[in-house]
Every structure is written in structure tokens, then in C-alpha cells.
Amino acid sequence: MEAYRMTIAGLERELPLCPVSDKLDIAAFIMFSDVEITKACAEELLKKLPDFDIIITAESKGIPLAYETARQSGKNYIVARKGVKVYMTDPISVKVQSITTHGEQTLYLSGQDAAALRGKKVLILDDVISTGESLKALEKLITTAGGTIAAQAAVLAEGDAADRSDIVFLEKLPVFPK
């Protein structure tokens, strides 16, 4: 499998190239199981972020980063789930279409998590920002819950997302047209 080599938070990684269509490949950045990169990315992102009260991420690839950023900052984090769990009372939801997931998804917050966002400055955190659809879904959950957005951040900004001025990120990630 072909790979794209890059430096992220001072660490070298090879990202496998994966097809998302017959005309486009993307480099897959997977933080799962890579404690070294997760710790380094959280540390570097925290240097670039404004003040925030709480972190939110979408299930699932952003969870390690959200946890480590929460651990290093001493702030809590919330995960917007892809399905309603039995322990979730009074959930709120929003639909999302991501480049890395086939079909439309729904993200959910329990009433308890929504209450934790109310009146708070919320950091939206993810591993990669690409089309921005996941960010929009999280923004809607935050505003529905009564929170305000402190910042939107990711380790990598993919493709045109790197040209955005409203996000914080560590490195640009190119896309690979065929």
C-alpha cells in the first residue's frame, strides 16, 4: 500500500493512502494505539488554543485526542455518540455526512451532556478536518445545548480545509487526485 510521509507535532509518520472515490485518495491519519503522537498533538494544540471550559468530539477517531487534551488541560470532555445508548436520557441529535463514513449519520448527546455544555465555552476537537461537516454537526449540538464555541481544532486540516481561517490545526494534509 502506498503511503504519505509527514511530520506531525515533531514526529514522523507514514499515512496509508486510501481511496474515497475513483478519482480521489486520502492519507489516513489514525491516532488509535499511537500514544506518542496523541500526547504530542494534544500538547502542541494546547499551545495554540484560546481559553475554553470543556471539550467535545464526535465518536470515534477524535476520542484519544479529546481525552489527552482534557488530561493535559484539566478540563472535561464529552463525546457526541453515533447512537443512543440506554443510559442516555433526553438525548438531542443532529445529522452529519462525513467524507470517511458512507451514508448519513446522526450524532447524539444525552440530556446530561447537553446540560454540561450550557453556558460553557466549548472546544470542538477532532483528528482531521476535511469537508467540515462533522464540525457543523457539533456546532449545532453545542448551540442547541446552549453552549458557545471557543474554537474548532484538529491535528490535520485536509485539502481545502487548510485554507480556512476559523480553525486551529497543526499541519496541512494534502489530498491525492488520481
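Start at Phe 52. Its relative accessibility is 5%, so Phe 52 counts as buried. Buried means under 20% relative accessible area, exposed means over 50%, and partly exposed is in between, using a 1.4 Å probe and protein chains only. Phe 52 lies in the loop between H1 and strand S4, residues 54-58. Helices here are DSSP runs of H or I with at least four residues, strands are runs of E with at least two, and both are numbered from the N terminus.

A word on the source. This is a predicted model, where local features need pLDDT of at least 70 and side-chain atom pairs count only at pLDDT 80 or more, while totals for chains, interfaces and linings use all residues. Residues are numbered from 1 along each chain as its sequence is written, and side-chain values use heavy atoms, with hydrogens and water left out.

What sits over the ring of Phe 52? The charged end of Lys 75, 4.7 Å from the ring centre. The rule asks for NZ of Lys or CZ of Arg within 6 Å of the centre and within 35 degrees of the ring normal. Phe 52 also touches Leu 46, Leu 123 and Ala 150, among others, leaving out residues up to four places away in sequence. Contact means heavy atoms within 4.5 Å.

Now the core. The largest nonpolar core has 30 residues, and Phe 29, Leu 45, Val 155 and Leu 156 have the most contacts inside it. Such a core is a set of buried Ala, Val, Leu, Ile, Met, Phe, Trp, Tyr and Cys residues joined through side-chain atoms within 4.5 Å. H1 gives the most to this core, five residues. A second, separate core has 26 residues, including Ala 80 and Leu 117.

Next, aromatics. The count is two aromatic pairs. Rings of Phe, Tyr and Trp (its six-membered ring) pair if their centres lie within 6.5 Å; planes under 30 degrees apart are stacked, over 60 edge-to-face, the rest tilted. Tyr 67 and Tyr 77 have ring centres 6.2 Å apart and planes at 80°, so this pair is edge-to-face. Tyr 67 is in helix H2 and Tyr 77 in strand S5, so the pair ties together parts ten residues apart in sequence. Tyr 67 is partly exposed, at 43% relative accessible area. Tyr 77 is partly exposed too, at 31%.

Last stop: Thr 106, in strand S7. Thr 106 is buried, at 13%.
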